[in-house]
Amino acid sequence: MSGVQAVIAYAVVAMAAAWIVWSMFVPGKLKARLRGRVRLKR
Amino acid sequence: MSAEAVLEPPPPSLADRLNTEAAPAQALPVAVARLALIGAPNCGKTALFNALTGSRQKVANYAGVTVERKEGAVTAVDGWRARVLDLPGTYSLRARSPDEVVTRDAVLGRLAGETPPDVLVCIADATNLKGALRLVLELKQVGRPMVLAMNMFDIAERQGWRIDLEGLSRELDIPVVTTVATRRRGVDALLAAAQRLARGPAALSSEVAWREPGPVELRTAHREAERIARACVAPPARPDTLTGKLDGVLLHPVFGSAILLGLLFLMFQAVFTWAQPLMDLIKAGFDQLGVLVGQTFPPGLLRSLISEGVISGVGSVLVFLPQILILFFFIIVLEDLGYMARAAFLMDRVMGGAGLHGRAFIPLLSSFACAIPGVMGARVIDNRRDRLTTILVAPLMTCSARIPVYTLIISAFIPNRTVWGFASLQGLVMFGLYAAGIVSALSVGFVIRKLFWRGAAEPFLMELPAYKLPDPKNVLMGVWTRAKIFLTRAGTVILAMMVLIWFLSSTPSAPPGAVGPAINYSFAGMLGHAMEPLLAPIGFTWQMAVALVPAMAAREVAVAALGTVYAVQGGENALGPLSGVLHAHWSMASALAMLAWFIFAPQCASTLGVVKRETNSWKWPAIMFAYMTALAYVAAFATYHIARLAGA
C-alpha cells in the first residue's frame, strides 16, 4: 500500500514540476505553436 | 528556407470579404464586421464593450482604466456578427502617450496585420458633449463610417440637459443613438445603426485619410464644436451644485487630506475586524479536511503530500481570501463613486514633490491589486522618463499578494488589542505597512527624478468624473473577479509550488540514527542551510530562506511554503494555526525584519516579465530587481538590529 502511495505522490510531484516549467519557462510563442494556434508562414 | 511564426491574422475587413465573395467558386467566410469603440477617457467605452460583448473587463469611474486594445464578439438579434475593439480613451488622434498611440493606430489600421475598422463607434459622455464633439469632428476626417453613441444619457436627462438628437445627427451627418451602457440600454439600437453602416457603400473602401491638424485647424475645429454644441445642447436650468459642494470639502487641502487618511484608516481596520469570522470558518474547514484525510488514508507519502503539502500549504494562503475581498470591496466602491480621481488630485502635490507625474497616481493605485496592471497602466504617461520612474516604483506599492504575508506575521506577533479606545492595533500596523510602501515608492521616485533624471515637472491635467452611486453589479463583479484571480492562483501556481516544496522538504529522508527533524536532511533543508549565512545578518532562519525562493513565483507562496515546511518539520504534531507555529519559532526581531523585507521584496517573476515587455529591454527589470533586493536587504538588516537593540 505504501508503494502505491509513493507512486501516486511522485507522479503528482512530476506533474507539478512539468506544469511549473511549462507555465513559467516556456516562451509564449513556442506554447502557441505547440498548441497549434500559430501557423508557419514561409 | 526560413520559417517565421506569426499569430493568426485578424478577421478580414468587410471590404476584403466582399472582394472575396465576388470571386466565384471560393469558400465564403462568415461575414464579420469590425467595430472600434473610441471616445474620451471615462465616457464608458469599456462599460459599452462589456454590454455589447458580455465581457467583464474592468470598468471604473476615472480616466485611464483601459490602456490596451481589447477585442470581443457580438451577435445582433438577426444573427449579424461583429468583432468589437475596445480602445484606450483619447481626446484626439494626435496621440502623445503610448495608450493613445494604440487608439490612433487601431483607428487608422496601422497595427501589424490589421485593416482599419469597418465602423467607428464614437462614444460621448452625454453630460459633457462639447469636448466629445471635437473628437467626433476629427474622427470624421478619417473617412470611415461612424455612429455617435451618447452614453450615460440617463444621467444627462436627470441633470436636465436638453439635447436635440436629430439636430446633432444632421449637423454631424452621422447617426446618433443614446445609450446607458451599465444598464445595457440602447445597445440594440447602436448595433442596428452600426450594422446599417457596415452594409452601406462607405464600408466597401478600407481607405483612411487623416493627418495631424495644425494650430489653425485645431482652432477651427474647436469653434465648430462650440457652434454645434450651442445649436443642439441646452445646459440644465439648475446647474449641479452637489458636485461643487462635495468637491469643496473633499478637495480641500486640509479637510480633503484628512478625509482621505480617515478613509484609508477605516479600510484597514475593517480588513482586520470584519474578516476574522470568515477566516475562522475557512480555517475550521481546512482543519476538518485534514482530519478527514488522516482518517481516510493510511500513513504514507500520499497522506503526507495531501495533509502537509496541499492542506497546510494552500490552506494557509486561502484563509486570507476574506481580507483581500474586503479590501477590494472598499477600493471598488470608492472608484465607482468617483472618489479615486479626487484622491489623485489630492495626492498630486505630494507626488509632484517626489518627482512623480500626477498621472502616475492611477497606475500606482492599480498596483494595490497587483503591480502588473500598475506597470501597464503607466502607458497613460507620455514622457518616457516619467513613465519609467512610475514603472520602477509601482512594485513598491503593497500588492494583494503581500496581504497574506503581512497578515500572517501581524496575527502571530502583534497583540490583538484596542488602542486609543477604538482602533485595532493589528489594523494600525497593517495601515503602517501600506503607508511604508507608499512612502518608499515616493522616496525612490524622488531619488530617481531629482538625482538621476532631473527635468522640469510635466503639467497634470485630469478631468474629474461626476459622482455616481456605485453600481452593485459592478462592485460584486469586481470583488468576484478578485476572488477568482486569488482562487486560480491558489489552485495553480501555489498548489504546484507546494507539491514541489513538499517533495523538496521530505526527500531524501533522514539517514538512520539521525538526530533532529528529517527536514534538516532534505533538499529544502540543504538549500535553506546554504542560504543561511547570507540571510543570518538580517535575522532570517533557514526555514525563512526556503520560503523566499518559491516566492519568486508569487509572493503569497512564501506563506504557503512556511506552512508546508513547518508542517513537514513538525509532522503529525504540527497541527495548529501557522501563526502560533511562527510565534514559537521566530523572534520578534526576525518577524519585523521579514515584514521590512516584504515592503521592498522584489520576488515576483511575472512583474519582472511585464516590465521587460513594457520597456522592451531586460535592462529595466534587472535594475528593478537589483535596487529592490538591495533595499529589502538593507531595510531588513536595519529593522532586525534596531529591534534587537530595543530588546525585541
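Predicted model: local features only at pLDDT ≥ 70, side-chain atom pairs only at ≥ 80, totals over all residues.
Modeller: Residues are numbered from 1 along each chain as its sequence is written, chains are lettered from A and ligands numbered from 1 in the order in which they are written, and side-chain values use heavy atoms, with hydrogens and water left out.

Biologist: Why is the contact between Lys283(B) and Asp287(B) called a salt bridge?

Modeller: The term requires a side-chain nitrogen of Lys or Arg within 4 Å of a carboxyl oxygen of Asp or Glu. For Lys283(B) and Asp287(B) the N to O distance is 2.7 Å, so the pair meets the criterion.

Biologist: What separates Lys283(B) and Asp287(B) in helix 10 of chain B?

Modeller: They are four residues apart in that helix (residues 255-296), about one helical turn. Helices are DSSP runs of H or I with at least four residues, strands are E runs of at least two, and both are numbered from the N terminus.

Biologist: How do you know whether Glu556(B) is buried or exposed?

Modeller: Buried means under 20% relative accessible area, exposed over 50%, and partly exposed in between, with a 1.4 Å probe and protein chains only. Glu556(B) has 2% and is therefore buried, whereas its salt-bridge partner Arg489(B), at 26%, is partly exposed.

Biologist: Which parts does the pair Arg489(B) and Glu556(B) tie together?

Modeller: Their closest N and O atoms are 2.9 Å apart. Arg489(B) lies in helix 19 (residues 472-506) and Glu556(B) in the loop between helix 21 (542-548) and helix 22 (557-570) of chain B, so the pair joins parts 67 residues apart in sequence.
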